[in-house]
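Here is a quick walk through one model, starting with charged pairs and moving on to the ligand and the core. Have the sequence and the coordinates open as you read.

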Amino acid sequence: MNKFLPVGIIGTGSYVPEKELTNLELEKMVDTTDEWIKTRTGISKRRIADAETATSDLATKAAQIAIKDAGLLPEDIDLIIVATVTPDMSFPSTACIVQKNIGAKKAAAFDLEAACSGFIYGITVGEQFIKSGIYKNILVIGAETLSKILNWKDRNTCVLFGDGAGAAVLSQVDEGYGMLASTLGADGASGDYLTQPAGGSRIPASLETVENNLHYVQMDGSEVFKFAVRIMAKSALQATENSGLKIEDIDYMIPHQANIRIIESAAKRLNISMDKVYVNLNNYGNMSAASVPVALDEAVRNGKIKRDDIVSLVAFGGGLTWGSSIIKWAK
Ligand code: ACO
């Protein structure tokens with residue numbers, strides 16, 4: 001008999017800022033075209049937070065929707081994990097700011113940084129506390145305002161990203177349901193392919209770092225692309241095997257939404273038909289840690305994911321990091 005409690009997602013929510021930035025508008029800002037962006041990435045538009053809006057504001061809205069969807073109150077939450085690379089500030093953590101905003105007085109709170117893999121890292125960490133009986137309800141949020149750390153003069157990066165937040169509430173579910181297996185991984189030796197170099201203890205903020213654009217995202221796109229295709233397929237396969245299932249058993253896949261060509265290549269390697277794969281990057285671009293939970297929330301609300309479905313979540317990101325979870329949907 002399994003001595004651990006079964007853990008699943010009992011509520012989801014998401015929120016994106018109202019302001020849309022289309023490829024056509026970007027044509028006026030940098031040397032790019034709608035055609036290039038669409039054919040090379042699949043992205044048509046993205047949402048951008050205004051100057052007054054920080055990551056915690058998006059996270060708070062997504063969290064409130066997820067808690068309501070779970071049929072809980074903020075006071076029922078024992079722990080808040082916010083996955084982000086764009087926290088409001090170094091400290092206090094964005095999770096502590098969300099805790100205050102939603103009034104989750106009894107919750108512990110911390111941020112987790114695994115870039116675009118952050119939400120899958122977050123639910124995998126949260127799962128441990130519930131399956132061991134330590135906590136009952138955990139709120140995991142992936143939230144980003146990447147627009148604040150993009151160089152809007154660098155066409156290699158600024159066309160790719162968008163802002164948003166997605167949240168999920170983890171709790172005990174019926175036996176045989178919930179998170180069946182997860183895999184997490186990292187390759188720190190390849191971390192230089194995707195960085196925000198300055199603003200930490202290695203290169204503290206100075207006039208010089210600002211002048212040299214060192215607070216912006218820097219990326220070797222083609223190296224990240226090659227890594228992403230390989231690791232998405234590998235980690236989704238590994239998590240599926242760890243759950244005792246086969247790729248054919250997967251009813252729906254929610255991949256990280258970075259580039260349609262990465263998603264299609266990974267699906268091909270896994271032999272999964274694209275009609276089983278959720279894609280919304282055309283509307284939002286890459287929202288880093290928010291991509292998977294926003295897509296998951298949309299797929300649940302659109303009725304694409306129902307009780308008994310086997311759902312595969314898979315992501316890759318800066319670090320470099322990756323993660324995949326297989327969930328038997330319980331709601
Ligand atoms: N508009 C027009 N031309 C462009 C643009 C643009 N926005 N961006 C790059 N180009 C040019 C390049 O300068 C290059 O020109 P050159 O040949 O004269 O040098 C040409 O297009 C082709 O560049 P490639 O890098 O070969 O283009 P590619 O097809 O590889 O697409 C892309 C680039 C979209 C960045 C792709 O490599 C990619 O998606 N990589 C993965 C990125 C990613 O997923 N990052 C996020 C990781 S997750 C996280 O943690 C944040």
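## Asp174 and its partner

Asp174 is partly exposed at 44% relative accessibility, where partly exposed sits between buried (under 20% relative accessible area) and exposed (over 50%), using a 1.4 Å probe and protein chains only. Its salt-bridge partner is Arg307, with N to O at 3.0 Å; a salt bridge here is a side-chain nitrogen of Lys or Arg within 4 Å of a carboxyl oxygen of Asp or Glu. Arg307 is partly exposed too, at 35%.

The two come from distant parts of the chain, 133 residues apart: Asp174 is in the loop between β7 (163–172) and β8 (178–186), and Arg307 in the loop between α11 (291–301) and β12 (310–317). Helices (H or I, at least four residues) and strands (E, at least two) are DSSP runs, numbered from the N terminus.

A word on ground rules: this is a predicted model, so local features need pLDDT of at least 70 and side-chain atom pairs count only at pLDDT 80 or more, while totals for chains, interfaces and linings use all residues. Residues are numbered from 1 along each chain as its sequence is written, and side-chain values use heavy atoms, with hydrogens and water left out.

## Other charged pairs

Side chains of opposite charge can pair when their charged atoms come close. The count for this model is 11 salt bridges. One of them joins Asp69 and Lys331, whose closest N and O atoms are 3.8 Å apart. That pair spans 262 residues, from helix α3 (residues 55–69) for Asp69 to the segment after β13 (321–328) for Lys331. Asp69 is partly exposed at 27%, and so is Lys331 at 46%.

Arg155 and Asp31 also form a salt bridge, at 3.6 Å from N to O. They are 124 residues apart, with Arg155 in helix α6 (residues 155–158) and Asp31 in the loop between α1 (23–27) and α2 (34–41). Arg155 is partly exposed at 46%, whereas Asp31 is exposed at 61%.

## Around the ligand

What surrounds the ligand? There are 27 residues in its shell, the closest being Thr32, Arg40, Cys116, Asn259 and Gly318; to be near, a residue needs a heavy atom within 4 Å. By type, the shell splits into 13 nonpolar, 10 polar and 4 charged residues.

An N or O atom in the side chain of Asn259 is 2.7 Å from a ligand oxygen, and one in the side chain of Arg261 is 2.9 Å from a ligand oxygen. At Gly221, a backbone N or O atom lies 3.0 Å from a ligand nitrogen. Taken alone the ligand exposes 1000 Å², and the protein buries 72% of that, with areas from the Shrake-Rupley method and a 1.4 Å probe. Elements giving two or more residues to the shell are α2, α6, α8 (221–242), α9 (260–270) and β12. The largest share, 4 residues, comes from α8.

## The nonpolar core

In soluble globular proteins, nonpolar side chains tend to be buried together. The largest nonpolar core in this model has 42 residues, and those with the most contacts inside it are Met232, Met253, Ile262, Leu270, Ile272 and Phe316. Such a core is a set of buried Ala, Val, Leu, Ile, Met, Phe, Trp, Tyr and Cys residues joined through side-chain atoms within 4.5 Å. Two or more residues each come from α8, α9, β12 and β13, and α8 gives the most, with 9 residues.

Terms used:
Polar contact = N/O pair within 3.5 Å; in protein donor to acceptor, adjacent residues only side chain to side chain. Nonpolar A, V, L, I, M, F, W, Y, C, P; charged D, E, K, R; others polar.
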